[in-house]
Amino acid sequence: MTQQSIAPRTTTLRDGREVTLRPLAESDRDAMLAFGMNLPEDDRLYLELDFHNPNTIVRLVNASEAENWRQVVAVADEGIVGYGNVRMLVGWKRQVGDSHLVVSEGWRRSGLGTFLARTLLDAARELNASKVIIEMIEEQAEGRSIFEHLGFRLEGTLANHVRDHAGELHNIVILGYQL
Ligand SMILES: CC(C)(COP(=O)(O)OP(=O)(O)OC[C@H]1O[C@@H](n2cnc3c(N)ncnc32)[C@H](O)[C@@H]1OP(=O)(O)O)[C@@H](O)C(=O)NCCC(=O)NCCS
């Protein structure tokens, strides 16, 4: 099964702007590079995936047809304004999907993150996941509340687990959602 199995879906956000979600495609490379470069510098501190780094973008775009991933972009007139993925883990965690989500700064607080997250949960069901997890830095309160609203629950904390770009250590929280 390929990424194409996520059907494009369009919605009008709370602020009246229209956005379409569809699978990431190889032809999205330049738009994804622009999306990554325009993310706030602060996001680099908080995100596992460094979207400012072109190598990260190229790696994601090259995996657009990978069987155990679903990658979704939110597209508006100005280009890509959101990105999310769910990737199935391997071995004895193979029923678990790991997810990431990011929305352009000018598009936050309008419901796009929630729309993307719901689409990723649908994609996880289609991948036969029985559970989806999100790992994030403990201080990342806004990222956390959107998932808690969707029904994710705190499952654990890993102390001093990641070092950010500025060299600081942070705790990681793991949020889980049983499908
Ligand atoms: C987290 C993120 C994806 C949320 O996207 P979004 O489009 O703003 O999300 P929504 O508009 O659907 O917000 C859903 C709810 O989350 C909460 N929330 C979102 N941003 C918030 C903020 N800055 N402060 C407090 N609560 C916030 C609110 O409860 C909000 O509902 P409300 O607007 O009705 O009050 C976005 O802020 C982002 O890209 N952040 C950087 C990356 C990140 O943290 N990713 C998550 C970990 S992978």
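Two strands are taken to pair if DSSP finds at least two bridges between them. In this predicted model, strand 1 (residues 9-12) and strand 2 (residues 18-23) meet that rule, with four bridges in the antiparallel sense. Arg9 stands opposite Leu21 of strand 2. Thr10 has Thr20 as its bridge partner in strand 2. The two strands form a hairpin, and five residues lie between them. Gly16 sits in the turn and has a positive phi of about 95°.

Strand 2 also pairs with strand 3 (residues 69-76). These two strands run antiparallel and share four bridges. Thr20 is bridged to Val75 of strand 3.

The chain as a whole holds five helices and eight strands. Along the sequence, their order is β-β-α-α-α-β-β-β-α-β-α-β-β. The C-alpha atoms fill a box of roughly 40 × 35 × 35 Å along the principal axes. The radius of gyration is 15 Å. A compact globule of 179 residues would have a value near 16 Å, so the chain agrees with that expectation. Of the 179 residues, 30% count as buried. Among contacts with a separation of 6 or more, 61% join residues 24 or more positions apart.

The largest nonpolar core has 41 residues. Val73, Ala74, Ile80, Leu116, Leu120, Ala124 and Val132 have the most contacts inside it. Helix 4 gives the most to this core, with eight residues. Leu116 shows how the core draws on several parts of the sequence. Residues up to four places away aside, Leu116 touches Leu21, Val72, Ala74, Gly82, Gly84 and Leu101. Leu21, one of these contacts, is the residue that stands opposite Arg9.

The shell around the ligand comprises 22 residues. Arg108, Gly113, Thr114, Glu142 and Gly143 come nearest to the ligand. By class, nine shell residues are nonpolar, nine are polar and four are charged. Helix 2 (43-46), strand 5 (96-103), helix 4 (112-126), strand 6 (131-137) and helix 5 each supply at least two residues. Helix 5 gives the most, with five. Just after helix 5, Gly151 takes a positive phi of about 110°.

Most residues other than glycine have a negative phi. Phi of Arg109 is near 65°. Arg109 lies in the loop between strand 5 and helix 4. Arg109 has 12 C-beta neighbours inside 10 Å, so it counts as exposed. For Asn160, phi is about 45°. Asn160 belongs to strand 7 (residues 153-163). With 10 C-beta neighbours inside 10 Å, Asn160 also counts as exposed.

Arg94 is found in another loop, between strand 4 (79-88) and strand 5. Arg94 counts as partly exposed because it has 13 C-beta neighbours inside 10 Å. The cut-off for an exposed residue is 12 or fewer. Beyond its neighbours within four places in sequence, Arg94 is in contact with Met88 and Leu89. Arg94 and Pro54 are 40 residues apart in sequence. Their C-alpha atoms are 29 Å apart in space.

Terms used
Residues numbered from 1 in each chain as written. Predicted model: local features only at pLDDT ≥ 70, side-chain atom pairs only at ≥ 80, totals over all residues. Near = placed C-beta within 6 Å. Nonpolar A, V, L, I, M, F, W, Y, C, P; charged D, E, K, R; others polar. Rg over C-alpha atoms; globule rule 2.2 N^0.38 Å. Buried ≥ 20, exposed ≤ 12 C-beta atoms within 10 Å, placed from the backbone. Contact = placed C-beta atoms within 7 Å. Core = buried A, V, L, I, M, F, W, Y, C linked by C-beta atoms within 7 Å.
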